[in-house]
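Please read them with the structure open.

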Amino acid sequence: MSSEVKFNFVKLWGWLAALFIFPLIWVGGLVTTHDAGMAVPDWPGTYGYNLFLYPFWTWLYGPFDLLIEHGHRLLGSWVGLLVIFLCIAAWRQESRRWYRWACVGLLGAVIAQGLLGGFRVVLDERTIAMIHGCGGPMVFAYACFVALASSSDWKNATRSLAPRGLWKLSWVLLASTVTQLILGAQLRHALPSTSPVGFMSMVHLHLTFAGVVTLAILAVALVVRKVPYAQEPALKLPSNALVGLLVLQLLLGIGTWMANYALPWSETTWSLARYVIAAKGYWESMLVTAHQATGSLLIACSTWLICRVARRQFSLAENRNSLNNPGASAALPESVSAV
Amino acid sequence: MRRFDTTNPWFSWETVKRVCSLPRVGKLTNWRLSLFDPFEIFMNRFAAGNSVRSPWLLGLVLLLLFAFISGCGRSELEYRPNGLHAASLTRESAERDAVEIAKQAAELIETWFGTLDQPRWPAGLLESVRMDSVSRCAGPVGRRDDKVERGVFRKHCVTCHGLSGDGLGPASMLLEPYPRDFRRGTFKFKSTPVGKKPSRDDLHRTLYEGIPGTAMPSFRALEESEEFAHDIEDLVEYVRFLSIRGEVERRAISLSVREGIPLEPNSVRIQEVLSEVVLKWNSAPSDALPEPEPPVWFTSAPSDQARHLELIQKGKSHFESELTACVKCHGKTGAGDGSSQDYDEWTKDWTILAGIDPKHPKEWKEMKPYGALKPVLAKPRNFHWGTFHGGKSPSEIFKRIVLGIEGTPMPPVARAENSNPGLTDDEIWELVYYVMQLENRS
């Protein structure tokens, strides 16, 4: 092996960043579930302390809402640090210029999320909390894209598929999962002054888009099993993950409604008629938070699918070459190596 | 192939025109480049030091801008005036403007009880709620600089019960039964007779136990954690505060509409109403029924088969008797399928009492702008599920039979006292025994 082969730090930091954004989203979800966004009334400090110097024991053994809110901030800082490492590594090791800027873009997105979270506290504004809550999964999806773009699949995938059906379908899926997330955030962050009619309309929209997402995922699952996609086993993995997450998400959705509002037809079964919701109960909180976090995973998986389809359907290299040299696309080989 | 012009500035008129005419953007390859590959284009141009004008990017920026602007336009939160009550009283009178009356009443109430964020107790009146608890419950959710919690009511209750305790929270329309409107001062599950206010313990019990099969949760976990141990007590105080505030508002509106009394703080008649409402709440503990204890035979009966069957037989005869009339609503088997159907008092208040037929959508919908929700029939309990909203212990069921469930069609049973016809305490316990045994028949 040549001594010139270096450890791929870009891949390491990229995946670590994506990996840590998920627990960050989970803890952020817990903050919303427990309405703990204002548990620490100042920002960027914590009760007058520097964020990193807040007494450890007071944090761990203090009120639960303070524990998760301060924990969310610390975790956010850690993710920011990881993305900074990623940027440095990308600048040193990565030859793709667009990828280097993509990493910088991710850093910008993480900083923007942090600022939104800060403004939510400083202004005590629930609407910003909602935007912050919607931004989290987008940043997660973006981080997944950055990590996926450093993967071997991205670099080695060949241009082998012609029909554009799956490509469009995967974008429809991403759009519907993002819309569904925004609708869910409207319910999670409903303002006290929201009218009952407005809230009910939002619930109906959320249910409608649950149907749209379900149909889109089922369509993807069917399409990847048909010719010519069936010859690409790499597409089955995100598709199967999406189906699994969909089943989980639908169950969590029903559970979330029950844990918040009980079922409107509760007296149809013995167990439902007896069920007493535990306000801020452990399982109830976890259920509601898991529903929100699984929504983020669905968006991330849709991004994963798009990346895999993109690397097979179109060669990004082709686009770039054609952009720089309009006449070059005709001369492209059947298989295109990493961009 | 059509190319992007990289020399134009990002936010040019050309860009706007391009976004507006998206469907007419040329060939498929351009679609792919402009719609499906914005990232690649953006990054290449950005890295090359050129400006970028992907319509998707512009759309994203506009979306973020819209989201940010929408977040800056919040209005100040305030108690919602009781327009529904004013509208139900002024329905027949074209001269009176319900909205205006409700607004005047709200202004009057604010001078006494303060605002959402800064509640206060009417000056010169003996406090019947602990105002430090009320202050902790009021206002936005969070912690003060000294780490004391605030906004407890908004944190736990507002999604269903609404900011004013009017049962019109964002989720109210989707719940069955609808969340309680505190402003009538009427509560279902209590230890005091019909017409009397609940004690603190009664409200505490509902908050602590929750109501099975409904959206009303149990806040037991709060009391069991050290940091939130006082939340339930504080919420009880705030519910009392909202009830007193709401009832004074209701009665002031009634006085204004029916007797033409001006809605002013120095009006003697309205000040009397304020004192009456507060006095009623203060006297609640003395009106409470002593905690009923089941007799010894009640607890020992299940082990004696003959006694068990005898009690069931006796309880059944009470259940089916004319005196109790349980069958009318709960049905012969106790499945909640009786022939009698009725609405609760909260619904009757603005429908039947206002001359509106709740069964006719055309009639009741005229009250929707004032916050009326679709009238729903009160649902008699199905004893086969073995759940009781007011608590499933024998003592609680005894109280429901003896005291009734205020605001609902469930009346108190007549008790054999002072030579009046009715059930004796033993007979009521036999009825409790029978009702509890119905669970096993499902």
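1. A residue is called buried here if 20 or more other C-beta atoms lie within 10 Å of its own, exposed if 12 or fewer, and partly exposed in between. The model is predicted, and every value below is computed from it.

2. Helix α6 of chain B covers residues 98–113, 16 residues in all. From its first C-alpha to its last it reaches 22 Å, close to the 22 Å expected at 1.5 Å a residue. Just after α6(B) comes B:Gly114, with a positive phi of about 75°.

3. Which residues of α6(B) are buried? They are B:Ala98, B:Ile101, B:Ala102, B:Ala105, B:Ala106, B:Leu108, B:Ile109, B:Trp112 and B:Phe113. Viewed down the axis of α6(B), these buried residues fall within an arc of 165°, so they line one face of the helix. An α-helix has 3.6 residues a turn, so residues three or four places apart point the same way. The cover over the buried residues of α6(B) includes α5 (83–90), α12 (231–259) and α13 (268–282) of chain B.

4. For chain B as a whole, the secondary structure comes to 21 helices and two strands. The chain has 442 residues, of which 43% count as buried. Taking contacts in chain B between residues at least 6 apart in sequence, 61% join residues at least 24 apart.

5. Chain A is assigned two domains: domain 1 (7–150) and domain 2 (159–320). The C-alpha centres of domain 1 and domain 2 of chain A are 23 Å apart. Contact between them involves 19 residues of domain 1 of chain A and 20 residues of domain 2 of chain A.

6. Which elements give two or more residues to the side of domain 1 of chain A that touches domain 2 of chain A? They are α1 and α5 of chain A. Of the elements on that side, α5(A) gives the most, with twelve residues. By class, the side of domain 1 of chain A that touches domain 2 of chain A has twelve nonpolar, six polar and one charged residues.

7. In chain A, a cis bond joins A:Trp43 and A:Pro44, with omega about 10°. A:Pro44 lies in the loop between α1 (9–33) and α2 (56–60) of chain A. In chain B, a cis bond joins B:Glu176 and B:Pro177, with omega about -5°. B:Pro177 is in the loop between α9 (158–161) and α10 (200–209) of chain B.

8. A:Asp124 has a positive phi of about 50°, although it is not a glycine. The residue sits in the loop between α4 (97–122) and α5 (126–148) of chain A. Is A:Asp124 buried or partly exposed? A:Asp124 counts as partly exposed because it has 17 C-beta neighbours inside 10 Å.

9. B:Lys147 is likewise not a glycine and has a positive phi, of about 70°. The loop that holds B:Lys147 runs between β1 (142–143) and β2 (149–150) of chain B. With 15 C-beta neighbours inside 10 Å, B:Lys147 therefore counts as partly exposed.

Definitions and conventions: Residues numbered from 1 in each chain as written. Chains lettered and ligands numbered in written order. Predicted model: local features only at pLDDT ≥ 70, side-chain atom pairs only at ≥ 80, totals over all residues. Helix = DSSP H or I, 4+ residues; strand = E, 2+ residues; numbered from the N terminus. Contact = placed C-beta atoms within 7 Å. Domains from an automatic or database assignment. Nonpolar A, V, L, I, M, F, W, Y, C, P; charged D, E, K, R; others polar. Expected span 1.5 Å × (residues − 1). Arc of directions from axis to C-beta.
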